Amino acid sequence: MPIEQFEPWPDAAPPAPDMTVEARRNEVLLAYDLDQLDDDPELSAISAFAAQLCNVPTAMVSLVEEERQRFLTRVGIEETETKRSTSFCAHAMLGHDVMQVTDATRDNRFAHYEVVTGKQHVRFYAGQPLISHDGAPLGALCVIDQTPRPGGLTELQINGLKVLGQAVMRRLRHRREILAAHAEFELGRKRLQTLADSIPDMAWSAKADGTFDYFNRPWFEFTGFDDSVMISQEFESVFHPDDRAEWSAAWDTARTEGVTYEAEFRMLRQDGEYRWMLARGLPVDGPDGRPAQWFGTLTDIHDARVRTEEQDLLTRELSHRIKNIFAVVGGLVALKSRDYPEAGPFTQDITKTLQALNRAHTYVTDQQTAANETLQGLIGKLMAPYANLPGTQLSITGDDAPVSGRSATPLALVFHELATNCAKYGSFSVVDGAVDITAKVSATHVTIIWQERGGPPPPEERGTGFGSRLVEKSVNGQLAGTLDRNFAATGLIATLSVPLASL
């Protein structure tokens, strides 16, 4: 293709009318932060090449402000700005094509300008409009000569000036988008900072090497540290001496394996009190698939932990006393059996029943005892005291599944409550009563059906006492399941549904 036919860039669109309003145009100019673009290397190279292309001594990137035109880059001229009132570019920027003035002394618009009549001796001018992507006229990429040029620029020079003008605008647009992105990032950072500072927990982040690089305001309020304290001996002093090794080992393991970090330890508050904390952290993987950053929280669990420890102590004390009661009752039965040798079988039977009740009670209060249990095994042991009641029937059938100590305790509480109520009001309270327990394990859930038969009609208020409410909380909270009771005329039908993962 002949070079004369080559159009490397389409003609620019003229300015948008609403963007020629001075206030709006100035807003756009401010968005470029022009002070940082003075003598920009890329724009300087464009100006120099424009002068060579058009064979002129002077070229510049000129942006027209409210009172002046400023030259971001320039060739062949010392001045960095002139008054807007003598600006050729203020006219050129309002068009959509290269504006040429072949002899300024013969152009009524410019003949009286000081730059024409004075020492600058401007005669020839050509300017490619610089128009923003949103239609605001900004200025021009211009070339100037002190000699008239009746023929103006060649077609190649005109097309070249257009291409260079587009390059200028790409540089300016890139600058504007970078500034907008930085502003948006800073706004997001401030929003995130405000959000992080507003939450009651302590939030933190750490680098891949374990160096902590951020804490929110609650951290500094708790520790009394300033933001210069991150990883140092002073930083580690916040941990209780007995917990430092465990904290460090857990943190190193999580970072090495790239897994969720979770630990409990005591931290020193600035008033001198050690408080129990729950730390959680999640890794964010980098391009190589390894954790590149960690984000986490520190939650003050001291009060809840103290309450739990007090409750555990009370539970152990109550359990101990109840076991003592079983032991005392069993001892009294054994003593009295000596006076009534004819009641030997009854004595043995009642002693076994008391022992079974004692074991069932242990399941309700001791997770360790229930560890490594199975569903069928747990139900069988819990129901053992009722298996040989005179005139009653107990059937336990269905699927089996492993049961953890954590889930065994609430499960034991459920069956203990059902069996106790059944002995008081249901099928176990009468001769010929029966209970069928059926377990079914699916891919996601375990469903256990408790069905009573042959007992008296259930009372209307059954299932609303403290024990029943405690069972509901255990099922909903600890097991994330549901317990539905249907008080039919034939007897209670209770359906317990628990996610398999909860076991």
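Predicted model: local features only at pLDDT ≥ 70, side-chain atom pairs only at ≥ 80, totals over all residues.
**Exercise 1.** Determine whether the rings of phenylalanine 212 and tryptophan 251 are stacked or edge-to-face, and state which parts of the chain the pair ties together.

*Solution.* A pair of aromatic rings is described by the distance of the centres and the angle of the planes. For phenylalanine 212 and tryptophan 251 the centres are 5.5 Å apart and the planes stand at 25 degrees, so the pair is stacked, because planes under 30 degrees apart count as stacked. Next, phenylalanine 212 lies in strand β8 (residues 212-215) and tryptophan 251 in helix α8 (residues 244-257), so the pair ties together parts that are 39 residues apart in sequence. Finally, both phenylalanine 212 and tryptophan 251 are buried.

**Exercise 2.** Classify the ring pair of phenylalanine 239 and phenylalanine 265 as stacked or edge-to-face, and decide whether phenylalanine 265 is buried or exposed.

*Solution.* The ring centres of phenylalanine 239 and phenylalanine 265 lie 5.1 Å apart with planes at 75 degrees, so this pair is edge-to-face, since planes over 60 degrees apart count as edge-to-face. The pair links distant parts of the chain, 26 residues apart, with phenylalanine 239 in the loop between α7 (233-236) and α8 and phenylalanine 265 in strand β9 (residues 261-268). Phenylalanine 265 has 2% relative accessibility and therefore counts as buried, and phenylalanine 239 is buried with a relative accessible area of 4%.

**Exercise 3.** State over which ring the charged end of arginine 149 sits.

*Solution.* The charged end of arginine 149 sits over the ring of phenylalanine 124, 4.9 Å from the centre of that ring.

Terms used
Residues numbered from 1 in each chain as written. Heavy atoms only, no water. Phe/Tyr/Trp six-rings, centres within 6.5 Å; stacked < 30°, edge-to-face > 60°. Helix = DSSP H or I, 4+ residues; strand = E, 2+ residues; numbered from the N terminus. Buried < 20%, exposed > 50% of the residue type's maximum accessible area, 1.4 Å probe, protein only. Lys NZ or Arg CZ within 6 Å of the ring centre and 35° of its normal.
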